Amino acid sequence: MSGAVRSGIDFTGTQTAYRIYGYITNAGTPLSGVTVSCTGQPNTTTNASGYYEFVGLSNSTYTVIPSGLGYTYVPANASVTVSSADQRQDFVTVVLNALLFTSSRDGNPETYVANADGTGQRRITNDAAMDTDPALSPDGTTIAYATNRDGNYEIYTIDVAGNVSSRTRLTNAAGMDWGPTWTSMIGPPAGYANRILFVSDRTGSRKIWKMNPDGTGQAQVTTGAGNDQFPTIGNVTNLNGINEGWVIIFASDRGTGNGNDGLYFKNLSTGVEGPVIASNPAVNMTEPRISPNYQYVAFSSDAAGNAQIILLTLSNLAQVTRAANAAADYQPSWVVGDNTTIYFVSERTGAPQVWSVYKPPILPEVLAQLTTSGDNWQIGRRTFP
Ligand SMILES: [Ca+2]
Ligand SMILES: [Ca+2]
Ligand SMILES: [Ca+2]
């Protein structure tokens, strides 16, 4: 489709009917038979792929609500605005709406998990080594993380209950292997669905790599010069007017040459790598995270003289600072099904803590501090089912 756009084919006529569609999953398994309601439309039910859709919709705001089968869904309901484009709205069962982070409250870095509102914080790892960079699998059962328990950083997995018997080493390479993130189970091109992306400097510079969830099939993904890190995956149907489809967006210093990152993408179908926005050698733009609806990227930037959280709208590359503060603000993230709340780390009270910022369509931002004990950072990279 991107090729059609790039070759300059003109379309005449105006599309006036759009659809709201999405997938409903329980721990990664499609849920069939979920009743879905939508303002002014007859109810529908999900099919064997967990898929639902409402077609023939005109521009308006619709409330979409899943129900049935005995589950609680996240979000419980969604206000979806159709504005001359199809809209995807996924739902998951509540277990997937979790927040992962690293905390030093017990004396050294461990992985923690919490509910999306910060309640229910509990420790997953319990080990004298550094346990960092947690990422929850799209089926909600497994955490990938990085640990230096073997002398240098390697990627491990452990189940969400933290059972030591489930702990599995996935990488075994000299140098740093860290920053894991899972790819979606449905949708990405061949070779990219149900993989773990990670960062490795085993070839001499940092590159994005991928592997199967059991550690087999390790292969280099990004190929440009410089150092690449912080991969995030999404189906980006409008990157400044171009339908890129499934991409990895990542940070790289390839455009600055001085260690400051810029934002880049790799199209997983064509293999093309290019800038999302122009790099600036004087600015570190890093830690990109694609939103659950694939329409935004949150990242950190020190363009204002201190690290700030920036919300980038992919369709037009507009940038808005969120939760502005003179202290360092970094490592933005999202949880499943919520495209309005950004989680981030801030040092505005001193030590790094996990915060959330919620911005309803009209009201001012609502800020919440979710952690208070020890240092808390590295909010887990999230992948959406
Ligand atoms: Ca530890
Ligand atoms: Ca290693
Ligand atoms: Ca700041």
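Modeller: Happy to. Let me begin with one facing pair: F101 stands opposite Y112 in β12. Please keep in mind that this is a predicted model. The partner of β12 here is β11: residues 98–103 form β11, residues 110–115 form β12, and the two run antiparallel, joined by six bridges.

Which sheet do these strands belong to? They are part of an open sheet of four strands, ordered β13-β12-β11-β34 and paired antiparallel. At its edges are β13 (122–123) and β34 (376–377), each of which pairs on one side only.

Stepping back from that sheet, the protein has one helix and 34 strands. Its C-alpha trace spans about 60 × 50 × 45 Å along the principal axes. The radius of gyration is 20 Å, and this agrees with the value near 21 Å that a compact globule of 385 residues would have. Of those 385 residues, 44% count as buried. Looking at contacts between residues at least 6 apart in sequence, 46% join residues at least 24 apart.

Leaving aside residues up to four places away in sequence, I196 touches A144, I155, P180, W182, K210, M211 and P213. A219 is 23 residues from I196 along the chain, and their C-alpha atoms are separated by 11 Å.

Q331 is not a glycine, yet it has a positive phi of about 55°. Q331 lies in a strand, β30 (residues 329–333), and it counts as buried because 27 C-beta neighbours are inside 10 Å. L317, also a residue other than glycine, has a positive phi near 65°. The setting of L317 is a loop, between β28 (308–313) and β29 (318–322). Is L317 buried, exposed or partly exposed? L317 counts as partly exposed, because it has 14 C-beta neighbours inside 10 Å, and that class falls between 12 or fewer for exposed and 20 or more for buried.

Methods
Residues numbered from 1 in each chain as written. Chains lettered and ligands numbered in written order. Predicted model: local features only at pLDDT ≥ 70, side-chain atom pairs only at ≥ 80, totals over all residues. Contact = placed C-beta atoms within 7 Å. Pairing = 2+ DSSP bridges. Rg over C-alpha atoms; globule rule 2.2 N^0.38 Å.
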